Amino acid sequence: MGDRIFSILSSISFFYLIACNNSTTQQAQMSDTTSKTNSIVPEKKDFDSSIDGKKTDLYILKNKNGMTAAITNYGGRLVSLLVPVKNGKMADVVVGFSSVKDYINSTERYFGATIGRYGNRIAKGKFSLDGKQYALFTNNGPNTLHGGKKGFQAIVWDATHPNDSTLTLTYLSKDMEEGFPGNLNVKVTYSLTADNGFKCEYLATTDKKTIVNLTNHAFFNLNGEGSGTILNHVLQINADSYTPVDSTLIPIGKVKPVTGTPFDFRKPTTIGARINDNNEQLKNGKGYDHNFVLKDNKENGFIHAATVTGDKSGIVMDIFTQEPGLQFYSGNFMRGKNTFKSGVKDDFRTAFAMETQHFPDSPNQPKFPSTVLEPGKEYHTISIYKFSIRQ
């Protein structure tokens, strides 16, 4: 009922809401939050810099509905994503920073970034191809995370902006960069669709057999950046099973059912409903930081992976993908050490990530879907984050 009241009152000014009785206090606070998110428009001048001799910039994408994405070629980062809410307002549902300098100095390296060569973890920084072992930089305890010491989040991509709603990023990851074999040509196209989708299309080719697992690491708060906890967001994941992990967050090699566990999101459930349960897997992840095995019930070539709804805003995000897995991360390591573009801190669990992907440590797990890419073949995958308003 509170959400229905909010949707009716969202066009009324903040000062009018203050004058209302106490039953409208929450709606007033959210109207103020929405007002704040309207003003979060990154400035191009704050992304005009040079890193490793390459120019950084900020690119603005728009669709006919007013949906707006700001993306920097430094790390291929989604800096902000303004989506329409009721009464012509907009909400910024992606957390991010105000400048390239802030991203460089951040204690969290992956906010909004394009991730590669390998999204997620590789156990002990090692894998083998055709009997040859490759060693990677271990940057996450004993393991390699998101490509190693200098993953794709730390490079400056070549960018082209072919139209108002599309940005194409390209990068040549040279043979043995970060320990990965093969010259890998990568092309990532981010676009806004006519039905308010943020579309992520990944292409890669190689001249040597290698491994690849690309994704985007946007952190979302569907109530708007700076609106507080995400624990009351309602989540549904189209997965009957998940991949349990050890204490270093490497899959133990088994696929287990979610039935009877805190990982059962087959029915809409708040993120925080069971996050503090006495469960070994939740202790290992310090919350949710796990790969869900998506049900392969593709329609028009896509799996409907998940639906997330902002409890205060009513914003709905539906995730569609061609990937077999979805890494759900509940912001467990956010510690208020960085300041977002709205001026608020990145406090504990005030944003979450939903990374479409192949499974963690697949190169060392022969029963998992393969991430091997061979010369003459093409890595090609698409994921879409589509936004609407709860009716």
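Residues are numbered from 1 along each chain as its sequence is written, and side-chain values use heavy atoms, with hydrogens and water left out. Because the model is predicted, local features need a pLDDT of at least 70 and side-chain atom pairs count only at pLDDT 80 or more, whereas totals for chains, interfaces and linings use all residues.

**The chain as a whole**

The average pLDDT (the predictor's confidence in each residue, from 0 to 100) is 91 for the chain, and 90% of the residues score at least 70. Over residues 1-39, however, the pLDDT is below 50, and this stretch has 48 contacts in the model beyond near neighbours in sequence, a contact being heavy atoms within 4.5 Å. The chain contains five helices and 29 strands; helices (H or I, at least four residues) and strands (E, at least two) are DSSP runs, numbered from the N terminus.

Of the 391 residues, 57% count as buried, where buried means under 20% relative accessible area, exposed means over 50%, and partly exposed lies in between (1.4 Å probe, protein chains only). Among contacts between residues at least 6 apart in sequence, 66% join residues at least 24 apart. The chain exposes about 16100 Å², of which carbon and sulfur atoms supply 49%; accessible areas come from the Shrake-Rupley method with a 1.4 Å probe, and for residues only the protein chains shown count as cover.

**Nonpolar cores**

In soluble globular proteins, nonpolar side chains tend to be buried together. A nonpolar core is here a set of buried Ala, Val, Leu, Ile, Met, Phe, Trp, Tyr and Cys residues joined through side-chain atoms within 4.5 Å. The largest such core has 62 residues, and the members that touch the most others are L81, F198, F220, I237, F328 and F387. Strand β14 (residues 184-192) gives this core its largest share, five residues. A second, separate core holds 19 residues, including F47, A70, Y74 and F340. Returning to F387, its contacts, leaving aside neighbours within four places in sequence, include M67, L81, V83, D195, F220 and I315.

Two strands pair if DSSP finds at least two bridges between them. Strand β4 (residues 68-72) runs antiparallel to β5 and is joined to it by five bridges, with I71 having L78 of β5 as its bridge partner. Four residues lie between the strands in the hairpin of β4 and β5, where G75 takes a positive phi near 80°.

On to the next strand, β5 pairs in the antiparallel sense with β6 (residues 90-92) over three bridges, and P84 has M90 in β6 as its bridge partner. The hairpin of β5 and β6 has five residues between the strands, and N87 takes a positive phi near 65° there.

**Aromatic pairs**

The structure holds 26 aromatic pairs; rings of Phe, Tyr and Trp (its six-membered ring) pair if their centres lie within 6.5 Å, and planes under 30 degrees apart count as stacked, over 60 as edge-to-face and the rest as tilted. Two of these pairs share F111, as the table shows.

| Pair | Centre to centre | Angle between planes | Class |
|---|---|---|---|
| F97 and F111 | 5.5 Å | 90° | edge-to-face |
| F111 and F340 | 5.4 Å | 80° | edge-to-face |

F97 lies in the loop between β6 and α4 (100-105) and F111 in the loop between α4 and β7 (113-115), so their pair ties together parts that are 14 residues apart in sequence. F111 is buried at a relative accessible area of 1%, and F340 is buried at 3%. One aromatic cluster is formed by F47, F97, Y103, F111, F219, Y329, F333 and F340.

Most residues other than glycine have a negative phi, and most peptide bonds are trans. A cis peptide bond, with omega about 0°, joins G116 and R117, and R117 is found in the loop between β7 and β8 (121-122). L249, in the loop between β20 (239-243) and β21 (256-257), has a positive phi near 70° and is buried with a relative accessible area of 8%. R349, in the loop between β26 and β27, has a positive phi of about 55° and is buried with a relative accessible area of 6%.
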